[in-house]
Amino acid sequence: MMLRMTGVGDITICPMSDADLDEVLAIEAVSYPKPWTREHFLDELNSPFASPLVALDGEGRVAGYLCPMLLLDEAQILNVAVRPDLRSHGLGRLLIESLLDDYRNRGASVLSLEVRVSNEPARILYRKLGFTETGRRPKYYENGEDAILMEYIFDQPGDGDAV
Ligand SMILES: CC(C)(COP(=O)(O)OP(=O)(O)OC[C@H]1O[C@@H](n2cnc3c(N)ncnc32)[C@H](O)[C@@H]1OP(=O)(O)O)[C@@H](O)C(=O)NCCC(=O)NCCS
């Protein structure tokens, strides 16, 4: 899928490949206190349940990425990040919305994730997309911070039909 976004230019969403990993790792390193390693991403690329995506800019450079997985009808977002200079232009929303479309078509019923209590930008993004906060894991992260559990419930076929 290719589209033009204000402030960002042309963006293409496509499956992540080995060739993207150097740029993905550079974004990962500046996005998280405990970044994933190359092996983490290789595991996702090789997993039959995972479908990692990248957003590429007009020059083919990685603008952001998303690592989700779907097992039967239960999905999870394991990782999502946008290149710092391109944040707040709608790329995070675009990546997750394209995943919601894809997983809805593939029969997912729920999409869950964990987010740091302190990560307001991510919590706001997920809330705006329709996720709700469903729980909390105390001291989940390496710095003792709690994780908030969030869930998106997919509409079932027929929801909203007149009875
Ligand atoms: C979280 C992250 C992926 C969001 O990506 P992004 O491209 O900047 O987000 P978007 O521009 O799509 O923003 C989507 C919505 O979230 C809100 N939002 C995003 N960043 C925000 C910020 N810093 N402060 C307040 N609201 C913010 C916006 O209001 C926006 O709403 P709108 O679409 O109605 O305008 C990005 O900040 C990031 O890479 N963070 C580091 C990695 C990380 O924390 N990942 C999540 C781990 S759970």
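Modeller: Leu 72 lies in the loop between S4 and S5. Helices (H or I, at least four residues) and strands (E, at least two) are DSSP runs, numbered from the N terminus. Residues are counted from 1 along each chain, in the order in which its sequence is written. The model is predicted, and for that reason local features need pLDDT of at least 70 and side-chain atom pairs count only at pLDDT 80 or more, while totals for chains, interfaces and linings use all residues.

Although Leu 72 is not a glycine, its phi is positive, about 55°. Leu 72 is exposed, having 9 other C-beta atoms within 10 Å. A residue is called buried if 20 or more other C-beta atoms lie within 10 Å of its own, exposed if 12 or fewer, and partly exposed in between, with C-beta atoms placed from the backbone.

Two strands pair if DSSP finds at least two bridges between them. Glu 74 stands opposite Val 110 in S6. Helix H1 (residues 21-31) packs on the sheet, where it touches S4 (62-71) and S5, and its direction makes about 90° with that of S4. Contact here requires C-beta atoms, placed from the backbone, within 7 Å. Axes are lines fitted to C-alpha atoms, for helices over the stretch in contact, and angles run from 0 to 180 degrees between N-to-C directions.

The whole sheet is open and mixed, with 8 strands in the order S1-S2-S3-S4-S5-S6-S8-S7. S1 (2-5) and S7 (132-137) stand at its edges with a single partner strand each, so one side of each has no neighbour in the sheet. From one strand to the next, the twist averages 25°.

The shell around the ligand holds 18 residues, the closest being Arg 87, Gly 92, Arg 93, Pro 121 and Leu 125. A residue is near a molecule if its C-beta atom, placed from the backbone, lies within 6 Å of it. S5, H3 (91-105) and H4 (120-128) are the elements that give two or more residues to this shell. H4 provides the largest share, 5 residues.

Ser 88 is in the loop between S5 and H3, and it counts as exposed, with 10 C-beta neighbours inside 10 Å.

Note on methods. Contact = placed C-beta atoms within 7 Å.
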